[in-house]
Amino acid sequence: MKTVTHRQLFFQHVAQTSDFPLGLEIDRSEGVFIYSTDGKPFMDLISGIGVSNVGHRHPRVLEAIQQQLDKYLHLMVYGEYVQTPQTQLAHALAQTLPVGLDTVYFTNSGTEAVEGAMKVAKRYTNRTEIISCFNAYHGSTQGALSLSGDENFKRNYRPLLPDVRHIRPGNWDDIEKITTRTAAVVIEVIGGEAGVRIPPAGYLQAVRQRCTEVGALLVFDEIQTGFGRTGTFWAFEGVAVTPDILLCAKGMGGGMPIGAFISSAEIMSVFKNNPILGHITTFGGHPVSCAASLATLQVIREEGLYEAAEAKGQLFKQLLTHPAIREVRGKGLMLAVEFDSFPILKSVIDRAIAGNGTSLGIITDWFLFCDNSMRIAPPLVITEEQIREACSIILQAIDA
């Protein structure tokens, strides 16, 4: 009887999202490393796209998961039972945030957090217009996709949500497009899929002021930047602007699926009536995911991982110097390494994964809306020695 390989099953039965998936067959992971079934180690410089902030399979995350497995899994749809993992995590999140961001609605993912925020903003303001930025990415469900600012990803799925407007990020004149018709402005503190774009000084403050003037809610998408990636626990701490609604996911679960939108009790209260159960999820706030997230939050804060992120990011910038590199930009461990073109970058990425003849491969990636820039977003636990080794292999890949 002929044996069917996992690779064959992958291509036969797992829905594909491109004609050229990376196709690495993974056996296990630990810390900053992923190991293939033939035993080759790969250093993960993208953290599963911003997820494994505390590294793969952090011992405290595993311990929290195991302890919760011994108690209970799913019990009831969201919001009906008092579940300790949810309450502890919600309280811990509130402790990291300013007054007014103290009521948490847990979801399964970042795109679901976006959807919930859109609903609560419309309901609270009784307005319909939502504004987001060109070259922003907020998720792939149809509501979140409506906000995304790249037509190439949306064209074949129209019609999408009506009354969505886009502004140019960092453009001061476009702020005037926020009016008394606007329910919410959804904006990234640092533009992720645009290639790690930091807004000019004072821009987010001006957006905040305009939202306050016209009665629109300001929504910060920190799905990529939250949980320590940029040098502070939340990226908005670095700009001293407080949103009305905060979105998080990715790095908050320690590798488990979870997201959240966070606001004030007043704003969130609109889900209680007209209609009752104004937002529903079956698996949002799953107790195992919440337990893993609480452990992740505690590790990041207690070990000061976000405090070291800026220095580690600076080391990447210092080491990644080469005539083929046009720029290394970003904040903390959220970086973009820019090349002249996608073909050049793709060649470097492929050679780095192969390891250039060494036993260690380096996993990097590009950005959805900036395909000439390499994504560098490793686990926050990466060491200086590992950074030096990774940069050496990347530079070898460029030379090759």
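Trainee: At what angle do helix H4 (residues 84-95) and H10 pack, and how far apart are their axes?

Mentor: Bear in mind that this is a predicted model. For a helix pair, read the angle and the axis distance together. Here H4 and H10 pack at an angle of about 30°, and their axes are 8 Å apart. Angles under 35 degrees count as roughly parallel, so H4 is roughly parallel to H10. The crossing of H4 past H10 is left-handed.

Trainee: Which residues in H4 meet H10?

Mentor: On the H4 side they are Pro85, Gln86, Gln88, Leu89, Ala92, Leu93 and Gln95. Their partners in H10 are Pro287, Cys290, Ala291, Ser293, Leu294, Leu297 and Arg301. By class, the residues of this H4 contact with H10 are 9 nonpolar, 4 polar and 1 charged.

Trainee: At what angle do helix H3 (residues 59-69) and H10 pack?

Mentor: H3 packs with H10 at an angle of about 150°, with the axes 8 Å apart. An angle over 145 degrees counts as roughly antiparallel, which means that H3 is roughly antiparallel to H10. H3 passes H10 in a right-handed crossing.

Trainee: Where in H10 do the residues of H3 meet it?

Mentor: Arg60, Val61, Ala64, Ile65, Gln68 and Leu69 in H3 meet a set of H10 residues that includes Pro287, Ala291, Ala295, Val299 and Glu302. The contact of H3 with H10 divides into 10 nonpolar, 3 polar and 2 charged residues.

Trainee: How should I read a nonpolar core, and how many residues has the largest one here?

Mentor: The general idea is that in soluble globular proteins, nonpolar side chains tend to be buried together. In this model the largest nonpolar core has 116 residues, and Leu93, Phe106 and Phe316 are those with the most contacts inside it. Helix H10 (residues 287-302) gives the largest share of this core, 9 residues. A second, separate core has 6 residues, among them Ile190, Met334, Phe367 and Cys370.

Trainee: Which residues is Phe316 in contact with, leaving aside its neighbours within four places in sequence?

Mentor: Phe316 is in contact with Leu45, Leu333, Leu335, Ile376, Pro378, Ile382, Ile387 and Cys391 on that basis.

Trainee: Now single positions. Is Ser293 buried or exposed?

Mentor: Compare the relative accessibility with the cut-off. Ser293, in helix H10, has 0% relative accessibility and counts as buried, because buried means under 20%. Beyond its neighbours within four places in sequence, Ser293 is in contact with Leu89, Phe227, Met252, Gly253 and Ile258.

Trainee: Is Asp27 buried or exposed?

Mentor: Asp27 lies in strand E1 (residues 26-30). With a relative accessible area of 51%, Asp27 is exposed, since the cut-off for exposed is over 50%. With neighbours within four places in sequence left aside, Asp27 is in contact with Tyr35, Ser36 and Thr37. The C-alpha atoms of Asp27 and Leu277 are separated by 42 Å, and these residues are 250 apart along the chain.

Trainee: Where is Pro200 found, and what does Pro200 touch?

Mentor: Pro200 is in the loop between strand E7 (182-188) and helix H8 (203-214). At 35% relative accessibility, Pro200 counts as partly exposed. Not counting residues up to four places away in sequence, Pro200 touches Gly170 and Trp172. Between the C-alpha atoms of Pro200 and Ile245, 45 residues apart along the chain, the separation is 22 Å.

Notes:
Residues are numbered from 1 along each chain as its sequence is written. This is a predicted model: local features need pLDDT of at least 70, side-chain atom pairs count only at pLDDT 80 or more; totals for chains, interfaces and linings use all residues. Side-chain values use heavy atoms; hydrogens and water are left out. A nonpolar core is a set of buried Ala, Val, Leu, Ile, Met, Phe, Trp, Tyr and Cys residues joined through side-chain atoms within 4.5 Å. Buried means under 20% relative accessible area, exposed over 50%, partly exposed in between (1.4 Å probe, protein chains only). Helices (H or I, at least four residues) and strands (E, at least two) are DSSP runs, numbered from the N terminus. Contact means heavy atoms within 4.5 Å. Axes are lines fitted to C-alpha atoms, for helices over the stretch in contact, and angles run from 0 to 180 degrees between N-to-C directions. Angles under 35 degrees count as roughly parallel, over 145 as roughly antiparallel, 65 to 115 as roughly perpendicular and the rest as oblique. A crossing is left-handed if the near helix is turned anticlockwise from the far one by less than a right angle, and right-handed if clockwise. Ala, Val, Leu, Ile, Met, Phe, Trp, Tyr, Cys and Pro count as nonpolar, Asp, Glu, Lys and Arg as charged, and the others, Gly among them, as polar.
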